[in-house]
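I would ask you to keep the structure in view while I speak about its pockets and its nonpolar cores.

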Amino acid sequence: VAFFILVAIFSLEDPALSQQSESQLRHHSHPQYPTPPATMSDTEEAPQEVEEVEEVEMSVLDALKEVLKKALIHDGLKKGLHECAKALDRRSARLCCLAKDCENEEYKKLIRALCAEGEVSVIMVDSGKDLGAWCGLAKLNEDGSVKKAVRTSCAVITDFGEETRALTVLLDYLQKQADADE
């Protein structure tokens, strides 16, 4: 350890010594601290292999899951009636997800009316438990599967986060739905 400190101090004074001491440091072997093996970048350039990635058609449901996760990461996801109603009322919502299995018809009517007022697209999801799990309201097992999910009937995206392929798939789907409704 003292050798390294002395080398560092002397390298500040003499540039020729600093180059010599750096090479000594690289090749200095100590029985307790073996020299690391040479990596490929030290010896030669690796041939670049380009892997062909097949374009797999992404389903709208998978795209929605990914977009919800990105929105959650970028703090652009609102969950529950209170947060969603505030976001829709402020007109900061860009997309709304509503569970089909919501038992309260007034709840659905309120969310649909707020979405219609702000011209926000609504995506109907089969289960509130699934929607809750996609929004991060779930406990996970060690292997990543959902152990326990909290049900939510509504989720609103205010910020999509980054531009991804899933977002384009989802926006294309919403555009096709809007064109079909007209």
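Let me begin with a definition: a pocket is an open set of grid points with protein on both sides within 12 Å along at least five of seven lines, and its lining residues have an atom within 4 Å of a point. Please note also that this is a predicted model.

With that in hand, which helix gives the most to the lining of the second largest pocket? The answer is H8, with 5 residues. This helix spans 165–181, and strand E3 (121–125) likewise supplies at least two residues of that lining. The residues concerned are Ser-121, Val-122, Ile-123, Tyr-173, Leu-174, Gln-177, Ala-178 and Asp-181. By class they divide into 5 nonpolar, 2 polar and 1 charged. The space in the second largest pocket comes to about 170 Å³.

I turn now to the largest pocket, whose volume is about 200 Å³. Two or more of its lining residues come from each of helix H4 (60–73), helix H7 (128–134) and strand E4 (138–140). The largest share, 3 residues, belongs to H4. Among the lining residues are Lys-65, Lys-69 and Leu-72, together with Ala-133, Trp-134 and Cys-135. The lining as a whole has 7 nonpolar, 3 polar and 2 charged residues.

Next, the nonpolar cores. The largest of them has 22 residues, of which Leu-64, Leu-68, Leu-95, Leu-131 and Ile-157 touch the most other members. At least two residues of this core come from each of H4, strand E2 (95–99), E3, H7, strand E6 (154–157) and H8. What does Leu-68 touch, if we leave out residues up to four places away in sequence? Its partners are Leu-77, Cys-97, Leu-131, Trp-134, Cys-135 and Ile-157.

Finally, I would draw your attention to Ile-111, which lies in helix H6 (residues 105–118). Is Ile-111 buried or exposed? Its relative accessible area is 0%, and therefore Ile-111 is buried, the cut-off being under 20%. Setting aside residues up to four places away in sequence, Ile-111 touches Leu-81, Cys-84, Leu-88, Cys-96, Leu-98 and Cys-154. The C-alpha atoms of Ile-111 and Ala-85 are separated by 7.0 Å, although these residues stand 26 residues apart along the chain.

That concludes my presentation, and I thank you for your attention.

Key
Residues are numbered from 1 along each chain as its sequence is written. This is a predicted model: local features need pLDDT of at least 70, side-chain atom pairs count only at pLDDT 80 or more; totals for chains, interfaces and linings use all residues. Side-chain values use heavy atoms; hydrogens and water are left out. On a 1 Å grid over the protein atoms alone, a cavity is a set of points where a 1.4 Å probe fits but cannot get out, and a pocket is an open set with protein on both sides within 12 Å along at least five of seven lines; lining residues have an atom within 4 Å of a point. Grid points are joined across faces, edges and corners, and a volume is the space filled by probe spheres set on the points. Helices (H or I, at least four residues) and strands (E, at least two) are DSSP runs, numbered from the N terminus. Ala, Val, Leu, Ile, Met, Phe, Trp, Tyr, Cys and Pro count as nonpolar, Asp, Glu, Lys and Arg as charged, and the others, Gly among them, as polar. A nonpolar core is a set of buried Ala, Val, Leu, Ile, Met, Phe, Trp, Tyr and Cys residues joined through side-chain atoms within 4.5 Å. Buried means under 20% relative accessible area, exposed over 50%, partly exposed in between (1.4 Å probe, protein chains only). Contact means heavy atoms within 4.5 Å.
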